[in-house]
Structures are given as structure tokens and as C-alpha cells.
Amino acid sequence: MLKSTKDSAMKGRTQAINQMKALVVTAPVKLRAVLRGLTTNRLAARCTKWRHGQLGTPTAAAKYALRSLARRYVQLTQEIEALDAQLARLTAAFAPALMESFGIGPDTAAALLVTAGSNPERLKSEAAFAALCGVSPVPASSGKTNRHRLNRGGDRQANAALYRIVIVRLRYHESTRTYFQRRMEEEKTKTEVIRCLKRYVAREVFSILHDIGERRTA
């Protein structure tokens, strides 16, 4: 429930940001000159303090609209931060081993736990969990060429969570970087190597979830 609420808040905040930037582009020249080039946070900070006066000019209307959007952005940011704190507390309490794994943060851990909790009957093996997350290899051989392609099925939220973990590890985890370079030298494409890495991460996550399930059963 918290993850779903946070996702909707993030979607609303993104919409507010996009509307603010679009209004800056179409605002009167003097107003546009003041706001152009500001970062999102500075733009919101400035617009929240504006006094628009009587709504009888395009400038006053633009200020009113920008102030409304800026306040919405600030409010949603506060909601997201509060939800993040609760997600971090709950995931750390329920699955500390998952949070300790390299590249897995509260939001990513929550997405994986939601997927596992919604489909307990499909967690019979690590291969089943990989298929559930859409990271199991799909044969795509032709003639003498043996290869696999990406799995377009499975839970896309869990798939996206595994992808974020892989991207973080490719940037900061030395073993993952070494593996990536070795597979690239074997003439694998970047997409194929990332698919393999997502499969390895799925195996690691399943092991952690399986241990949690066994402890809870015991």
C-alpha cells in the first residue's frame, strides 16, 4: 500500500514539474527571463512565495498557476520523503538481508517484496522467480546460431527493480564490472550481458526471500 501510494505521488510530482516548465516557456517575456535556467527546486522555491494580485493580466495568471503547481510539487515531495522513511523502516525490519545486498535500496526492496508477496505460489524455485520477474532467458536460436533473447513477460515492476540494481552495480561494484567486461570480450551485446546480470541478481534475491520464508514458517 505504501509503495503504491508513493508511486502515485511521484507520478503527480512529475506531472507538476512538467507543467511548471511548460508554463515557464509560454509565460510573458519578463516573467520568463526571471525563471529561465533555474533548477526544479529553485524554481519551486521562488514560485511558492509569489503574490499574483488581481487576476486581470497574463502575468498575474501565470504567477497564480506557477504558485499552485510549485506548492503541489513541495507537498508531494514531503509526502514522498515521509513514505520513503516508512518503506525504509519496514523493509529493513522484514528483510534486513535484502537491504544489505549491494545496490538494493528501500524502494527497490519494496518492489521485489510486493512481487513476491503477491505471488507466493510461484516462488517454488529460483527459475520460477526469474520467470515471474521476466528475467529468465528465452531461446531464440536460428540455424547454427544459439542465442537467447529478453523475456518480455513477467512482473514489469520487479523487472525494473532488478534493472536498477544491475545499473548501480555496473557503476560501483567491482566484481560486476569485471564480469561485464569479460562477457563483452566474448562478443556479447550490452543488452545480453545486462540480461545475464539480472538473472544472477534474481537468483540472489530469491535465496534471500526463500530464507525469510523458511524462518517465518519455522
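Guide: Let us begin with Arg-177, which counts as partly exposed because its relative accessibility is 38%. Buried means under 20% relative accessible area, exposed over 50%, and partly exposed in between, with a 1.4 Å probe and protein chains only. This is a predicted model, in which local features need pLDDT of at least 70 and side-chain atom pairs pLDDT 80 or more, while totals for chains, interfaces and linings use all residues. Residues are numbered from 1 along each chain as its sequence is written, and side-chain values use heavy atoms, without hydrogens and water.

Visitor: Where does Arg-177 lie, and which residues is Arg-177 in contact with, leaving aside neighbours within four places in sequence?

Guide: Helices are DSSP runs (H or I, at least four residues), numbered from the N terminus. Arg-177 belongs to helix H9, residues 174-185. Contact means heavy atoms within 4.5 Å. Apart from neighbours within four places in sequence, Arg-177 is in contact with Arg-169, Leu-170 and Arg-171. The Arg-177 side chain also reaches the backbone oxygen of Leu-170 at 3.1 Å.

Visitor: How should I read a salt bridge, and how many are counted here?

Guide: Side chains of opposite charge can pair when their charged atoms come close. The rule asks for a side-chain nitrogen of Lys or Arg within 4 Å of a carboxyl oxygen of Asp or Glu. The count by this rule is 10 salt bridges. In one of them, the side chains of Asp-107 and Lys-6 meet at 2.9 Å, N to O. Asp-107 lies in helix H6 (residues 106-118) and Lys-6 in helix H1 (residues 2-26), so this pair ties together parts 101 residues apart in sequence. Both Asp-107 and Lys-6 are buried. They also belong to a network of salt bridges that includes Lys-3, Asp-7, Asp-84 and Arg-164.

Visitor: Are the partners Arg-182 and Glu-186 buried or partly exposed?

Guide: The side chains of Arg-182 and Glu-186 meet in a salt bridge at 3.5 Å, N to O. Arg-182 is partly exposed, at 44% relative accessibility, and Glu-186 is partly exposed, at 43%.

Visitor: What is the count of disulfides?

Guide: A disulfide is a covalent bond between the sulfur atoms of two cysteines. By the rule of two cysteine sulfur atoms within 2.5 Å, the count is 0 disulfides. Cys-133 is in no disulfide, since the nearest cysteine sulfur, that of Cys-196, is 16 Å away. Cys-133 is buried, with a relative accessible area of 0%, and Cys-47 is likewise buried, at 0%.

Notes: Helix = DSSP H or I, 4+ residues; strand = E, 2+ residues; numbered from the N terminus. Polar contact = N/O pair within 3.5 Å; in protein donor to acceptor, adjacent residues only side chain to side chain.
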